[in-house]
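Reader: I would like to learn how to read a structure one feature at a time. Could we go through one together?

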Amino acid sequence: MSEQPHVVNKAGQVSTDQVEPVMDRISDERKKQILDDFDNFKSYLGKRIRMAESIGLSEESMAKVAQKIADYLAKHEEPQNSEEKLLYELWKVGDEDQRHKLAHMLVRMVQADKS
């Protein structure tokens, strides 16, 4: 049985080109659970951020992954609540640099929530 590709491998190397295949493997039901409620989304993202921190990923690496995930969500998922709608609208009007900064802010937002 072959191992599925991951965004972050066991050596802690980030492969942002794996974001889409990894996101495609998440079932529609699980995506719905994550995206239906903004607190669920933040909790899910927070768990992933804590995992990334535990293997020593920098904030920059986490922001690059968050940016790829946000790109994927903007292309493939409809916003499910007002918070996601706001993020979607900001994502649409932002240029590459602004989107990257917003990804940093999302990482910091969930880091601040882990208290």
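Reader: Which residues of helix α2 are buried?

Author: Buried means under 20% relative accessible area, exposed over 50%, and partly exposed in between (1.4 Å probe, protein chains only). Helices are DSSP runs (H or I, at least four residues; strands are E, at least two), numbered from the N terminus. In α2, residues 28–35, the buried ones are K31, I34 and L35. They span an arc of only 85° around the axis, which places them on the same side of α2; the arc is taken from the directions from the helix axis to the C-beta atoms. This is a predicted model, where local features need pLDDT of at least 70 and side-chain atom pairs count only at pLDDT 80 or more, while totals for chains, interfaces and linings use all residues. Residues are numbered from 1 along each chain as its sequence is written, and side-chain values use heavy atoms, with hydrogens and water left out.

Reader: What covers the buried residues of α2?

Author: Contact means heavy atoms within 4.5 Å. The cover includes α1 (19–25), α3 (38–54), α4 and α5 (82–93).

Reader: Which residues touch the most other members of the largest nonpolar core?

Author: A nonpolar core is a set of buried Ala, Val, Leu, Ile, Met, Phe, Trp, Tyr and Cys residues joined through side-chain atoms within 4.5 Å. The largest one here has 24 residues, and M23, F41, L45, I49, M62 and L73 touch the most other members. Helices α1, α2, α3, α4 and α6 each supply at least two residues of this core. Take F41: leaving aside neighbours within four places in sequence, F41 is in contact with I34, L35, L73 and E84.

Reader: How many salt bridges does a search of the whole structure find?

Author: A salt bridge is a side-chain nitrogen of Lys or Arg within 4 Å of a carboxyl oxygen of Asp or Glu. The search finds seven. One of them joins K31 and E77, at 3.6 Å from N to O. This pair links distant parts of the chain, with K31 in helix α2 and E77 in the loop between α4 and α5, 46 residues apart. K31 counts as buried because its relative accessible area is 10%.

Reader: Where do E89 and K92 lie?

Author: An α-helix has 3.6 residues a turn, so residues three or four places apart point the same way. E89 and K92 both lie in helix α5, three residues apart, about one turn. Their salt bridge has its closest N and O atoms 3.5 Å apart. E89 is partly exposed at 29%, and K92 is partly exposed at 45%. In helix α6, K101 and D97 are four residues apart, also about one turn, and form a salt bridge at 3.1 Å between the closest N and O atoms. Salt bridges that share partners join K85, E89 and K92 into one network.

Reader: What is the nearest side chain of opposite charge to D71?

Author: For charge, Lys and Arg count as positive and Asp and Glu as negative; His and the chain ends are not counted. D71, in helix α4 (residues 59–76), is buried yet has no salt bridge, and the nearest such side chain is R99, 4.0 Å away. Beyond neighbours within four places in sequence, D71 is in contact with W91 and R99.

Reader: Is M105 buried or exposed?

Author: M105, in helix α6, counts as exposed because its relative accessibility is 52%.
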